[in-house]
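Hello,

Here is the structure I promised to pass on to you.

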Amino acid sequence: PRSKQVILTGDQVDKVRPGDELQLTGIYRCLYDAATNARTCFPVYRTEIESVHAKRKGDVKSAEITDDQHQQILELAKCPNIRERFIASIAPSIYGMWHVKTAIALSILGGERKIAAGKHRIRGDINTLIVGDPGLAKSQFLKYIEQTAPRAVYTTGKGASAVGLTAAVTRDEHGQWCLEGGAMVLADDGICLIDEFDKMNDQDRTSLHEAMEQQTISISKAGIV
């Protein structure tokens, strides 16, 4: 099966989000479904996984740093040219393009989020637009970030719609309305990479404005607000 229902209980609730890659330990259970048995006239068991432990892949917050690594980080922090070393390490196979690499490095690291007077919030994330002629390794930069960033979602402008980028409302197996996250939702606390941005429809592009500026995605469909 392409998908399998996993039940999280206790402390594990809200520990994972849509788009996470998990290393899951659990109990594979069979559930007797009377309605399905009556319809098919022979015993059918619905299966689900009851989670015991779930570890998120690429979770920086849960990563353990050894004493040697801690010492290396402190030594790198004292290095006077750490900024240049960091920028030079981005896509080292691409020669030059120093301004583009600087912009990408700043976008990956982000800025400092501020909450003014306890109410007004100023975003800390940096949005980057790369413009250039064909053959200037724009897509290669995006592919490199997708491979190296802890959490990155790659999509193209031509194949992406407003619903696919934000969130869609669909019916589940029980006929109930449910939300399915799009590329921007899956890239929460990460980087959303959109190639061929100029090929997008204007209506689809306006759906990104709220996510880019307010850092939220609002939806009001089928009674879900």
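Glutamine 12 touches Ser51, Val52, His53 and Ala54, not counting residues up to four places away in sequence (contact means heavy atoms within 4.5 Å). Before going on: this is a predicted model, in which local features need pLDDT of at least 70 and side-chain atom pairs count only at pLDDT 80 or more, while totals for chains, interfaces and linings use all residues. Residues are numbered from 1 along each chain as its sequence is written, and side-chain values use heavy atoms, with hydrogens and water left out.

Glutamine 12 sits in the loop between β1 and β2; helices (H or I, at least four residues) and strands (E, at least two) are DSSP runs, numbered from the N terminus. With 15% relative accessibility, glutamine 12 counts as buried. The classes are buried under 20% relative accessible area, exposed over 50%, and partly exposed in between, with a 1.4 Å probe and protein chains only.

β2 and β3 (residues 45-56) run antiparallel and are joined by 11 bridges. Within β3, serine 51 stands opposite glycine 26.

**Helix α4 and the cores**

Helix α4 (residues 98-109) has 12 residues and should span 16 Å at 1.5 Å a residue; its end C-alpha atoms are 17 Å apart, which agrees. The expected span is 1.5 Å times one less than the number of residues. Lys101, Thr102, Ile104, Ala105 and Ser107 of α4 are buried, and their cover includes α3 (82-88) and α5 (138-148). After α4 comes glycine 110, with a positive phi near 75°.

Which residues form the largest nonpolar core? There are 12 of them: Ile87, Ile90, Ala91, Ile94, Ile104, Ala105, Phe141, Leu142, Ile145, Ala149, Ile191 and Leu193. Such a core is a set of buried Ala, Val, Leu, Ile, Met, Phe, Trp, Tyr and Cys residues joined through side-chain atoms within 4.5 Å. α4, α5 and β9 (191-195) each supply at least two residues of this core, and α5 gives the most, with three. Another core, of 10 residues, lies apart from it and includes Ala160, Ala183, Met184 and Ala187.

Leaving aside neighbours within four places in sequence, leucine 193 is in contact with Leu142, Ile145, Glu146, Ala152, Val153, Tyr154 and Thr155.

**Threonine 170**

Threonine 170 is in strand β7 (residues 167-171) and counts as partly exposed, at 26% relative accessibility. Beyond its neighbours within four places in sequence, threonine 170 contacts Gln176, Trp177, Cys178 and Glu180. Its C-alpha atom is 34 Å from that of arginine 113, which is 57 residues away along the chain.

**The whole chain**

The protein has nine helices and nine strands, and buried residues make up 21% of its 225 residues. Its C-alpha trace spans about 70 × 50 × 45 Å along the principal axes. Among contacts between residues at least 6 apart in sequence, 56% join residues at least 24 apart.

Best wishes

Methods:
Two strands pair if DSSP finds at least two bridges between them.
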